[in-house]
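Please read them with the structure open beside you.

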Amino acid sequence: MLFNERRLKALYHVQGYQRRIARAFNKKVKSRNLKEGDLVLKDNRAPIHDPRGKFRPNWTGPYIIKSIWSSGAMVLMDLDGLEFSQPINMDKLKNITPERLARPKTRKGDLGKSQSTIKFEIIKTKLARLKTRLGWPWQKLERKRRAKI
């Protein structure tokens with residue numbers, strides 16, 4: 001009887017410790033609300049020699065999420081509609097909006113368009129072409145938005 005009580009006491013202690021560790025770990029977990037059709041940037045951490053050195057971009061893209069697997073992997077496609085051959089883990093992606101991707105930046109006295117304005121317009125036209133060509137998944141998302149209203 002005494003051994004069973006000691007075992008139970010040790011078991012309760014271990015379970016409490018596991019709960020405390022899980023609570024501390026889960027505080028730092030970021031939820032990623034990514035869904036099909038979202039624009040994302042992909043982490044650029046490949047050990048490729050780049051002449052720009054530490055000034056090379058940390059993110060590449062934008063890409064569109066084509067499908068999501070249950071394991072947290074995602075299949076991406078670029079703005080031209082070309083699908084990636086291998087899935088990418090959700091941890092390597094960052095959600096963006098077209099407006100956040102390239103905000104128009106102009107200075108006082110600038111008569112011409114800035115580089116970011118031109119880039120923003122190119123992305124908008126590519127997205128519009130892709131939406132009309134594929135018709136997927138924006139039609140589904142727009143139907144859901146209309147249903148909520």
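1. Leaving aside its neighbours within four places in sequence, which residues is Leu76 in contact with? The model is a predicted one, and in it Leu76 touches Val40, Lys42, Tyr63, Ile64, Ile65, Lys66, Leu82, Glu83, Phe84, Ile88 and Leu93, once those sequence neighbours are set aside.

2. As to the overall layout, the protein chain has four helices and five strands, and from the N terminus on these elements follow the order α-β-β-β-β-β-α-α-α. Of the 149 residues in the protein chain, 26% are buried, while the chain exposes about 12200 Å², of which carbon and sulfur atoms supply 54%. Among contacts in the protein chain with a separation of 6 or more, 49% are made by residues 24 or more positions apart.

3. Leu76 also belongs to the largest nonpolar core, which has nine residues and is made up of Leu34, Val40, Tyr63, Ile65, Met74, Leu76, Ile88, Met90 and Leu93. The elements that give two or more residues to this core are β2 and β3. As background, nonpolar side chains tend to be buried together in soluble globular proteins.

4. Turning to strand pairing, β1 (residues 39–43) and β2 run antiparallel and are joined by four bridges, whereas five bridges join β2 to β3, and these two strands likewise run antiparallel.

5. Asp43 stands opposite Trp59 in β2, and, neighbours within four places in sequence left aside, the residues in contact with Asp43 are Asn58, Trp59 and Lys92.

6. How many salt bridges does the structure hold? There are two salt bridges, and one of them joins Glu83 to Lys66, with the closest N and O atoms 2.8 Å apart. Because Glu83 lies in the loop between β3 (73–78) and β4 (88–89) while Lys66 is in strand β2 (residues 59–68), the pair ties together parts that are 17 residues apart in sequence. Glu83 is partly exposed, with a relative accessible area of 45%, and Lys66 is partly exposed as well, with a relative accessible area of 31%. Both Glu83 and Lys66 are also among the contacts of Leu76 listed in the opening point.

7. The other salt bridge is formed by Asp38 with Lys35, where the closest N and O atoms are 3.9 Å apart; the pair is counted because the cut-off is within 4 Å. Asp38 counts as buried at 12% relative accessibility, whereas Lys35 is partly exposed, with a relative accessible area of 43%. As a general point, side chains of opposite charge can pair when their charged atoms come close.

Terms used
Residues are numbered from 1 along each chain as its sequence is written. This is a predicted model: local features need pLDDT of at least 70, side-chain atom pairs count only at pLDDT 80 or more; totals for chains, interfaces and linings use all residues. Side-chain values use heavy atoms; hydrogens and water are left out. A salt bridge is a side-chain nitrogen of Lys or Arg within 4 Å of a carboxyl oxygen of Asp or Glu. Buried means under 20% relative accessible area, exposed over 50%, partly exposed in between (1.4 Å probe, protein chains only). A nonpolar core is a set of buried Ala, Val, Leu, Ile, Met, Phe, Trp, Tyr and Cys residues joined through side-chain atoms within 4.5 Å. Contact means heavy atoms within 4.5 Å. Two strands pair if DSSP finds at least two bridges between them. Accessible areas come from the Shrake-Rupley method with a 1.4 Å probe; for residues, only the protein chains shown count as cover.
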